[in-house]
Amino acid sequence: MSGPVLVSTDLDRTLIFSPRATELLGGGLPRSVVEVHEGRVISEMADVVRDGLAELARFPAAVTVVPTTTRTVRQLQRIDLPFTPRFSIAASGGVVLEHGRVDEAWSRDTAARLARCAPVAEVRVVLDGLVEAGVVLRAHTAEDMFCYGIVDPARFGPEEVERLTAQMLPRSWRVAHQGTKVYALPDALHKAHAIAHVRDRLAAEAGDVPALLAAGDTWLDAEMLELADRGWVPAGSEISRSGPPPWPRVTLTASAGHAAAAEIVAAWHEAVLGAGEQARS
Ligand SMILES: [Mg+2]
């Protein structure tokens, strides 16, 4: 790619994996622990992925890597990344951090969009009702913007998702279920909105709109992948289970798990620093 590049990447099950996810997906590689919480290993990153990200960070004029996650800011900051991102995106686009500090202009923009959906407290009441009914184990509110519940995947299936979705739709909220977590998110919250904001910031500085590369594994990454000039979806992921990625510029990796992450980071290298472009740094 001949101009600046913005890489927007999901983290969980795209670049980092819990020991359980590694066991489920395969594709294990030599790796290191990048997140510990309450004495437990939460996430690991393959060493080749860590080195690849650190290498990309050496070319800040050519490439900006933006971790883009549904995690809360606190959960995001718990991860020991191999580089210090200038921008990161948390709460599925609800929060943009620049140098670790909240971008207040973006927060105001988000608040204005959230005002068009039902308030988070109202949705939390619905989830609390499911906890009382024993359908959801625990309910949480994240960044005062969205809710998620911890569920037993053996007892929380498509029927429960459908029932919850029916309650969310009239409120302009949506549901995403991933293993032990069920998310309820307002329609105003999308990773792609925040990426467009970061892209505008970078374009204003560089006088050139950066090309967008993206990677993600779930339907919460869908709008981000759709927006991208080139995207990657890991094999074995939630998206891949419903067939080939439904976007023309998005590639499915050959391998799963950490090996997929390694493929994706190698592809970014190829796109950003490939043939004859190192000179740009
Ligand atoms: Mg993910």
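This is a predicted model: local features need pLDDT of at least 70, side-chain atom pairs count only at pLDDT 80 or more; totals for chains, interfaces and linings use all residues.
1. Strand β5 covers residues 87-90 and strand β6 covers residues 95-98; the two run antiparallel and are joined by four bridges. If you want a pair to click on, Ser88 stands opposite Leu97 in β6. The two strands make a hairpin with four residues between them.

2. Have a look at Ala91 while you're there. Ala91 sits in the loop between β5 and β6, and its phi is positive, about 50°, although it is not a glycine. Most residues other than glycine have a negative phi, so this one is worth a second glance. Is Ala91 buried or exposed? Ala91 has 24 C-beta neighbours inside 10 Å, and the cut-off for buried is 20 or more, so Ala91 counts as buried.

3. Next along is another hairpin. Strand β7 (residues 101-102) runs antiparallel to β6, and two bridges join them. Leu97 turns up again here: its bridge partner in β7 is Val102. Two residues lie between β6 and β7 in this hairpin.

4. Now the parallel sheet. Five strands form an open sheet in the order β4-β1-β12-β13-β14, with parallel pairing. Which strands stand at the edges? They are β4 (63-67) and β14 (250-256); each has a single partner strand, so one side of each is left without a neighbour in the sheet. On average, neighbouring strands of this sheet are turned by 20° against each other, direction ignored.

5. The 16 residues of α7 reach 22 Å from the first C-alpha to the last, close to the 22 Å expected at 1.5 Å a residue. Which residues of α7 are buried? They are Lys191, Ala192, His193, Ala194, Ile195, Val198 and Arg199. An α-helix has 3.6 residues a turn, so residues three or four places apart point the same way. Just after α7, Gly207 takes a positive phi of about 70°.

6. Asp229 is in the loop between α8 (222-227) and β13 (230-235). Leaving out residues up to four places away in sequence, Asp229 touches Ala211, Leu212, Leu213 and Arg249. Asp229 is partly exposed, with 14 other C-beta atoms within 10 Å.

7. Zooming out to domains: the assignment gives domain 1 (5-111 + 189-280) and domain 2 (118-186). The centres of the two domains, taken over C-alpha atoms, are 25 Å apart. At the contact between them, twelve residues of domain 1 meet nine residues of domain 2.

8. Finally, the whole chain. It has ten helices and 14 strands. A compact globule of 281 residues would have a radius of gyration near 19 Å, and the protein chain agrees, with 19 Å. Along the principal axes, the C-alpha atoms fill a box of roughly 60 × 40 × 40 Å. Buried residues make up 46% of the 281 residues. As for contacts between residues at least 6 apart in sequence, 56% join residues at least 24 apart.

Conventions:
Residues are numbered from 1 along each chain as its sequence is written. Two strands pair if DSSP finds at least two bridges between them. Axes are lines fitted to C-alpha atoms, for helices over the stretch in contact, and angles run from 0 to 180 degrees between N-to-C directions. The expected span of a helix is 1.5 Å times one less than its number of residues. A residue is buried if 20 or more other C-beta atoms lie within 10 Å of its own, exposed if 12 or fewer, and partly exposed in between; C-beta atoms are placed from the backbone. The radius of gyration is taken over C-alpha atoms; the globule rule is 2.2 Å times the number of residues to the power 0.38. Two residues are in contact if their C-beta atoms, placed from the backbone, lie within 7 Å. Domain bounds come from an automatic or database domain assignment.
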